[in-house]
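Please open the model in your viewer and keep the selection tool ready.

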Amino acid sequence: MAAAGNSSKKISEHLTLSVRTVDNHLQHIYLKLGVRARADLAKALEYEAGRQ
């Protein structure tokens, strides 16, 4: 959802989580993938999908 451009607020409402929880999860994902922003996340996920 984040890679598709959805805001943390929209994601949190959809998943019934707090915005802070969504942001914390995103930070962990960014660290694991070595990215810094949502746009970079989308690119990294496209690259990973192409490798499989």
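Two residues are said to be in contact when they have heavy atoms within 4.5 Å of each other. This is a predicted model, in which local features need pLDDT of at least 70 and side-chain atom pairs count only at pLDDT 80 or more, while totals for chains, interfaces and linings use all residues. Residues are numbered from 1 along each chain as its sequence is written, and side-chain values use heavy atoms, with hydrogens and water left out.

**The whole chain**

Begin with the chain in cartoon view, where you will find 3 helices and 0 strands (helices are DSSP runs of H or I with at least four residues, strands are runs of E with at least two, and both are numbered from the N terminus). The C-alpha atoms fill a box of roughly 30 × 20 × 15 Å along the principal axes. Of the 52 residues, 23% are buried, where buried means under 20% relative accessible area, exposed means over 50%, and partly exposed lies in between, with a 1.4 Å probe and protein chains only.

**Helix α2**

Next, select residues 19–33, which form α2, a helix of 15 residues that reaches 21 Å from its first C-alpha to its last. Which residues of α2 are buried? They are Val22, Leu26 and Tyr30, and, seen down the axis of α2, they fall within an arc of 75°, so they line one face of the helix (the arc is taken from the directions from the helix axis to the C-beta atoms). Turn to the other side of α2, and you will see Arg20, His28, Leu31 and Lys32, which are exposed. Then select Gly34, which follows α2 and has a positive phi, near 70°.

**The nonpolar core**

Now show the side chains of Ala2, Ile11, Val22, Leu26, Tyr30, Val35, Leu41 and Ala44, the 8 residues of the largest nonpolar core; such a core is a set of buried Ala, Val, Leu, Ile, Met, Phe, Trp, Tyr and Cys residues joined through side-chain atoms within 4.5 Å. The helix that gives the most to this core is α2, with 3 residues. Centre the view on Val22, which, leaving aside neighbours within four places in sequence, is in contact with Ser8, Ile11, Ser12 and Leu17.

**Asn6**

Finally, select Asn6, in the segment before α1 (8–15). Is Asn6 buried or exposed? Asn6 counts as buried because its relative accessibility is 17%. A polar atom of the Asn6 side chain lies 3.0 Å from the backbone oxygen of Met1.

Technical notes. A polar contact is a pair of N or O atoms within 3.5 Å; within protein, one must be able to donate a hydrogen and the other to accept it, and residues adjacent in sequence count only if both atoms are side-chain atoms. The expected span of a helix is 1.5 Å times one less than its number of residues.
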